[in-house]
Amino acid sequence: MVTMEEYDVLVVGAGPAGSSCAKAIAEKAGKSVLLIEKRQTPASACAGGIPAYHLEKLGLSIPKEVILEEIHEGVILSPSYSLIIDESIFDSGPAGFIINRKKFDQWLIKEAISSGVEYRNNTDFLHVKDEIKAKVCVDASGVSRVVGKANGFQFNSKPNDLGVGLQYTVDLPDSFDPHRVYFYLNAQKIPRGYFWIFPINEKRCKIGVAIAKATNAKLPAIKILNKFATDLGFKIDTPYERLGGLIPLGRCVKSTQPNIFLIGDAGNYCSPLTGEGIYYAIKSGRIAGEVIAFDKGVKFFNKLIKKSPRKSISWQYRAKRVFYSLNNKDLDGLVKAIGNYEI
Ligand SMILES: Cc1cc2nc3c(=O)[nH]c(=O)nc-3n(C[C@H](O)[C@H](O)[C@H](O)COP(=O)(O)OP(=O)(O)OC[C@H]3O[C@@H](n4cnc5c(N)ncnc54)[C@H](O)[C@@H]3O)c2cc1C
């Protein structure tokens, strides 16, 4: 006979959403919280970019050893024009950071454990779901959405509402500035998506592409990335690292069952326009954590999250649809109107 373990809250998935949620519950209420992670260490595909204004909003001060590079400028390039966003528009300090995602996730897990969370890695929800009893269950399993799927949530998404991201870590050619991030827009070469370059030190960078899954079906991300990177002078034959994953690009999924909360990628708390997800994972995780800590229930969670970040995600969803409809002339017109730097 299987013996049942009992907890007040079970959080599934120790990415930024799960750890932040578990920590918020444990530090605010005397509840027993078990955080489980399928892998030895969480390692979701990520370029590690976080804008400084999002860190500020979260009040998150990242340890130095987690930061790979400080970013001082961002450049958005259309086929013929570029727009430079420099740090002078921010109050102080760098415009953003490139972090080591593995170290970042480890740091958040440690913070959760220090707040009283019990953590178990190498523990797959699908293998232990009949052995652990919890009053509340949080799905923070990313795009796997294992708790939601096991409990009848419907995640049918439109072909453009799921994205594919692929990236290589390679040497940075001298022509690129190691303190700048670059975003390339080109409706012909990268339909319904964009290409990025994120430096991780003076000599290396991550180059990647994010496209809608519908595009990937016709023109695979790997082909787009290889051609674009080679054309820009990157040597991609033997990358230091190669990784890829799915990106939620749809509207947020409402938590509809009384004791099940969907947070982070599992609930589509991710920017449908850019694929930025770390901020939204932490934000949705913290909101769920506070609601659970004070026994306020799913309805209250839906109400709180509607204001922020769901409102902003809905706006970005509409902006994404406009972005997908633009051709190269439109993209040039847009970047020229704002930036006006010919390349
Ligand atoms: C190529 C790529 C680049 C990206 N770059 C950026 C970027 O630069 N900046 C940014 O902000 N966002 C980026 N994102 C998005 C970002 O990585 C995600 O939005 C973010 O990781 C979501 O956090 P999460 O905690 O919701 O899910 P995840 O980080 O995916 O964590 C989910 C965890 O659940 C675990 N899990 C899954 N199934 C089970 C199970 N059955 N049992 C137990 N545990 C389970 C997984 O192992 C994982 O550790 C990128 C995504 C991709 C694909």
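**Figure 1. Burial of strand 12 in the predicted model**. Both faces of strand 12 are covered, with Gly193, Phe195, Ile197 and Pro199 buried on one side and Tyr194, Trp196 and Phe198 buried on the other. Because seven of the seven residues of this strand (residues 193-199) are buried, strand 12 is largely enclosed by the rest of the structure.

**Figure 2. Pairing of strand 12 with strand 11 and strand 13**. Strand 11 (residues 180-184) runs antiparallel to strand 12, and three bridges join them. Within this pairing, phenylalanine 183 stands opposite tryptophan 196. Strand 12 also pairs with strand 13 (residues 204-212), in the antiparallel sense and over seven bridges. Here the bridge partner of tryptophan 196 is glycine 208. A hairpin of four residues connects strand 12 to strand 13.

**Figure 3. The shell around the ligand**. Helix 1 (16-28), strand 14 (241-248) and helix 8 (278-293) are the elements that each give two or more residues to this shell. Of the 36 residues around the ligand, Glu37, Ser44, Gly49, Asp124 and Asp265 come nearest. The shell comprises 15 nonpolar, 14 polar and seven charged residues. At least three residues come from each of domain 1 (5-69 + 98-158 + 250-322) and domain 2 (159-248 + 327-342).

Conventions:
Residues numbered from 1 in each chain as written. Predicted model: local features only at pLDDT ≥ 70, side-chain atom pairs only at ≥ 80, totals over all residues. Heavy atoms only, no water. Near = heavy atom within 4 Å. Nonpolar A, V, L, I, M, F, W, Y, C, P; charged D, E, K, R; others polar. Domains from an automatic or database assignment. Buried < 20%, exposed > 50% of the residue type's maximum accessible area, 1.4 Å probe, protein only. Pairing = 2+ DSSP bridges.
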